[in-house]
Amino acid sequence: DAKREVAQVAKNYIMAEAPTSFGKESQHTGTPLWSTVTIDIVGDGYSVGPTKKVSGAWDLGSIIEFGSAGGQILRPRTKKVMKFFYKGKTWFKDRVMRGSIAPNPFVGRARDKLASKVPIIARDVFLREYREAGGR
């Protein structure tokens, strides 16, 4: 159906726009943000976006998209300490004070690219279904 195809194209655009690293001096070793982009059924439509959580309840996609003020304390969810890399050195800490994050509107950029494609996708789906139903 047309909604599903638009959702799939939106997922591809979001995955392409998602940042691959989160800072100049940091090295991200967990699951990349682009690989957490999912399509969920919501009512009679679809919701598309990244689903990666950090520090229990924080949605990493939203933090990167809109930015956030620093000062929050991050704690490990399942282990006693967190392992991370900073300035070429491996660190083990039981908590870390997170610095501020500048906005990176990657979902907004994907939305802008998708906006021009929606009418084309809808037309193609309509024509395909029309032909399959016996139309010309």
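**Close-up views of a predicted model**

View A. Apart from neighbours within four places in sequence, I39 is in contact (heavy atoms within 4.5 Å) with R4, A7, Q8, K11, Y46, S47 and V48. The model is predicted: local features need pLDDT of at least 70, side-chain atom pairs count only at pLDDT 80 or more, and totals for chains, interfaces and linings use all residues. Residues are numbered from 1 along each chain as its sequence is written, and side-chain values use heavy atoms, leaving out hydrogens and water. I39 has a relative accessible area of 18% and is therefore buried (under 20%, with a 1.4 Å probe and protein chains only). Between the C-alpha atoms of I39 and Q8, 31 residues apart along the chain, the separation is 7.5 Å.

**View B. The hairpin of strand 2 and strand 3.** Strand 2 (residues 37-42) and strand 3 (residues 45-50) run antiparallel and are joined by six bridges; strands are DSSP runs of E, at least two residues long, numbered from the N terminus, and two of them pair if DSSP finds at least two bridges between them. V42 has G45 of strand 3 as its bridge partner. Two residues lie between the strands, and G43 in the turn has a positive phi of about 60°.

**View C. Helix 1 against helix 3.** The axes of helix 1 (residues 2-17) and helix 3 (residues 106-115) come within 8 Å and cross at roughly 135°. Helix 1 is therefore oblique to helix 3. The contact involves V6, V9, A10, Y13, I14 and E17 of helix 1, and F106, V107, R109, A110, K113 and L114 of helix 3.

Methods. Axes are lines fitted to C-alpha atoms, for helices over the stretch in contact, and angles run from 0 to 180 degrees between N-to-C directions. Helices (H or I, at least four residues) and strands (E, at least two) are DSSP runs, numbered from the N terminus. Angles under 35 degrees count as roughly parallel, over 145 as roughly antiparallel, 65 to 115 as roughly perpendicular and the rest as oblique. Buried means under 20% relative accessible area, exposed over 50%, partly exposed in between (1.4 Å probe, protein chains only).
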